[in-house]
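Please read the numbered points with the structure in view.

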Amino acid sequence: MPVLHYGPVPTFNQRTWDLLVYGATESGREHRWTWDEFGALPLSEIVADFHCVTKFSVLGITWSGVAAADIMSAVPPAATATHVMVWADYGYGANLPLSAFGARHTMLATHREGRALSPEQGFPVRLVVPSRYGWKNVKWVRAISRQNPPLNQPT
Ligand SMILES: Nc1nc2c(c(=O)[nH]1)N[C@H]1C(S)=C(S)[C@@H](COP(=O)(O)O)O[C@H]1N2
Ligand SMILES: [Mo]
């Protein structure tokens, strides 16, 4: 699979790495997992095809990690939230409707074909969203924020 991203590959530090969920949460509080806490979450596995808009596809990739739905149930979004932003080190981010983030095959992957991700593949954690093109599959995920609908939009 080609490696494709903008900017440098972040270095991983187990002592300072964390995953933060913030924004429009049901409780009004944010939640942070350390590396050890994240590693204690239940593991899931999926097989999915990967497509980039620059016209490469890789079929039948096996990913394992934490189901995004399990993150959603650990920190439920506010009833008003409609979207999430998934953020990486160095500011890369992608938005998704909550329905796509929480879909059965969406996951925060740590392993590909049974091996830990390489740094270029997004080590230690990348988003895998089989229902979307590659650019929504954020590598080096560090935060997930829940968004309410924009205030200046008619409802
Ligand atoms: N943090 C980050 N994640 C990213 C990108 C990026 O530039 N930065 N590029 C995206 C794009 S456009 C694609 S196609 C896939 C490529 O994943 P791969 O390098 O494992 O093939 O990563 C996605 N995730
Ligand atoms: Mo892409």
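1. In the residue classes used here, Ala, Val, Leu, Ile, Met, Phe, Trp, Tyr, Cys and Pro count as nonpolar, Asp, Glu, Lys and Arg as charged, and the others, Gly among them, as polar. The model is a predicted one, in which local features need pLDDT of at least 70 and side-chain atom pairs count only at pLDDT 80 or more, while totals for chains, interfaces and linings use all residues. Residues are numbered from 1 along each chain as its sequence is written, chains are lettered from A and ligands numbered from 1 in the order in which they are written, and side-chain values use heavy atoms, with hydrogens and water left out.

2. The search for space uses a 1 Å grid over the protein atoms alone: a cavity is a set of points where a 1.4 Å probe fits but cannot get out, a pocket is an open set with protein on both sides within 12 Å along at least five of seven lines, and lining residues have an atom within 4 Å of a point. A volume is the space filled by probe spheres set on the points.

3. Across the whole structure, 1 cavity of 30 Å³ or more is found. The largest cavity holds about 50 Å³, and its lining has 6 nonpolar, 2 polar and 2 charged residues. Among them are Trp-63, Arg-132 and Asn-137. Strand β3 (residues 44-52) gives the largest share of this lining, 4 residues.

4. Where does ligand 1 sit? The space taken by ligand 1 is the largest pocket (more than half of its atoms lie within 2 Å of the grid points). This pocket has a volume of about 470 Å³. Its lining comprises 28 residues, of which Leu-4, His-5, Tyr-6, Tyr-92 and Lys-139 lie nearest its centre.

5. Around ligand 1 there are 17 residues (each with a heavy atom within 4 Å); by class, 12 are nonpolar, 3 polar and 2 charged. Polar contacts (pairs of N or O atoms within 3.5 Å) include one of 2.5 Å between an oxygen atom of ligand 1 and the side chain of Lys-139. Another oxygen contact, of 2.7 Å, involves a polar backbone atom of Tyr-6. A nitrogen atom of ligand 1 lies 3.0 Å from a backbone N or O atom of Asn-137.

6. The second largest pocket contains about 150 Å³ of space. Its lining divides into 5 nonpolar, 5 polar and no charged residues, including Trp-35, Leu-43 and His-111.

Note on methods: Polar contact = N/O pair within 3.5 Å; in protein donor to acceptor, adjacent residues only side chain to side chain. Helix = DSSP H or I, 4+ residues; strand = E, 2+ residues; numbered from the N terminus.
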